[in-house]
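Me: I would like to learn how to read the features of a structure. Please take them one at a time.

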Amino acid sequence: FFHAQRTGGSALRHAFARAYGGCAVFSTQYAENYQHWDKVPAEDLNGKRVFAGHSNFSRRAMGRKLHFISLLRHPLYRTISLYYYCRKYPKHALHSVAMENTLSGFYEKASTARPKYFNNVMCARICGETSARSAIKLIESEYMAIGMTEYLGSFVDWLLTKQDLPSEITPQAKPDHEKYIKEIEDEEFVRVVMKQNAEDVALFEHMNANYFHVDERLYPSSRV
């Protein structure tokens, strides 16, 4: 389970832990020896049912069948969520930057300092490249499922049911287009984020048009 920050990954990891037991989930919350996917020794994953983390996809021979999943969130709303997340946690490396700047100022400074943390991250997580075309091709050929953050509850329920596990009720957060209505009034901020995340925007729009089918008017569009 490879996912970008602020897409709902923690909720899904905890759902897996409740279903399989924490000892079966290899993630920062449940494994003291956690390493990223491309670094973790195969033997450390023996007995694990789930690998979950902020790792980029890469091909590895694990001696067993692998099922890949991920989550998507509109890049603009993911960026806004990151800002408030960094402000909330004093131990976060970007906490002071978030506290000392407006949303647009934070994005300008933080994304310049750490572009791989902010820009086109979802494509990188899914296929190892910042390319929507590559991500879509890999999703269609090798991924079991891609969920959408705003419908995380129904995705978790579907995923657990597909694995013959007890489903659960996952609370749905307030939709992004309602939660962040004030933040997207800054048209220049929206333009910059959309431009610098063009590949993630293309990926999101493709998945929404072909699979999620959420009213596209609820999201800032690359066609505007």
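Me: Which backbone oxygen does the side chain of T149 reach, and at what distance?

Reply: Keep in mind that this is a predicted model. The side chain of T149 reaches the backbone oxygen of T7, and the distance is 2.5 Å. T149 itself lies in the loop between β4 (143-148) and α8 (152-162).

Me: Is T149 buried or exposed?

Reply: Compare the relative accessible area with the cut-off: buried means under 20%. T149 has a relative accessible area of 15%, so T149 is buried.

Me: Which residues are the closest to the centre of the largest pocket?

Reply: Start with the volume, which is about 850 Å³ for the largest pocket. Of the 37 residues that line this pocket, R6, T7, G8, G9 and S10 are the closest to its centre. At least two lining residues come from each of α1 (9-20), α2 (75-88) and α9 (176-179). By type, the lining divides into 12 nonpolar, 17 polar and 8 charged residues.

Me: What volume does the second largest pocket have, and how does its lining divide?

Reply: The second largest pocket has a volume of about 480 Å³. It is lined by 20 residues, and the closest to its centre are R49, V50, F51, L66 and H67. The lining of the second largest pocket holds 14 nonpolar, 2 polar and 4 charged residues. Here α1, β2 (50-51) and β3 (68-72) each supply at least two of the lining residues.

Me: Which value does phi take in H213?

Reply: H213 has a positive phi of about 60°, although H213 is not a glycine. This residue is found in the segment after α11 (198-212). Exposed means over 50%, so H213, at 56% relative accessible area, is exposed.

Me: How is a pair of aromatic rings described?

Reply: Two quantities are used: the distance of the centres and the angle of the planes. In this structure the count comes to 24 aromatic pairs. One of them is formed by Y34 and F51, a stacked pair at 5.8 Å centre to centre with 20° between the planes. The pair links distant parts of the chain, 17 residues apart: Y34 is in the loop between β1 (25-26) and β2, and F51 is in strand β2. Both Y34 and F51 are buried.

Me: Which residues form one aromatic cluster?

Reply: The members of the cluster include Y77, Y83, Y84, F106, Y107, Y117 and F118. Y180, F189, F204 and Y219 also belong to it.

Me: What sits over the ring of Y117?

Reply: The charged end of R114 sits over that ring, 4.5 Å from its centre. In another case, the charged end of R60 sits over the ring of W37, 5.5 Å from the ring centre.

Me: How many residues apart in sequence are E183 and S141, and how far apart in space?

Reply: E183 and S141 are 42 residues apart in sequence and 37 Å apart in space, taken from C-alpha to C-alpha. E183 is in the loop between α9 and α10 (187-196). The relative accessibility of E183 is 17%, so E183 counts as buried.

Note on methods:
Residues numbered from 1 in each chain as written. Predicted model: local features only at pLDDT ≥ 70, side-chain atom pairs only at ≥ 80, totals over all residues. Heavy atoms only, no water. 1 Å grid on protein atoms, 1.4 Å probe; cavity = no way out; pocket = protein on both sides within 12 Å on 5 of 7 lines; lining within 4 Å. Points joined across faces, edges and corners; volume = space filled by probe spheres on them. Helix = DSSP H or I, 4+ residues; strand = E, 2+ residues; numbered from the N terminus. Nonpolar A, V, L, I, M, F, W, Y, C, P; charged D, E, K, R; others polar. Buried < 20%, exposed > 50% of the residue type's maximum accessible area, 1.4 Å probe, protein only. Polar contact = N/O pair within 3.5 Å; in protein donor to acceptor, adjacent residues only side chain to side chain. Phe/Tyr/Trp six-rings, centres within 6.5 Å; stacked < 30°, edge-to-face > 60°. Lys NZ or Arg CZ within 6 Å of the ring centre and 35° of its normal.
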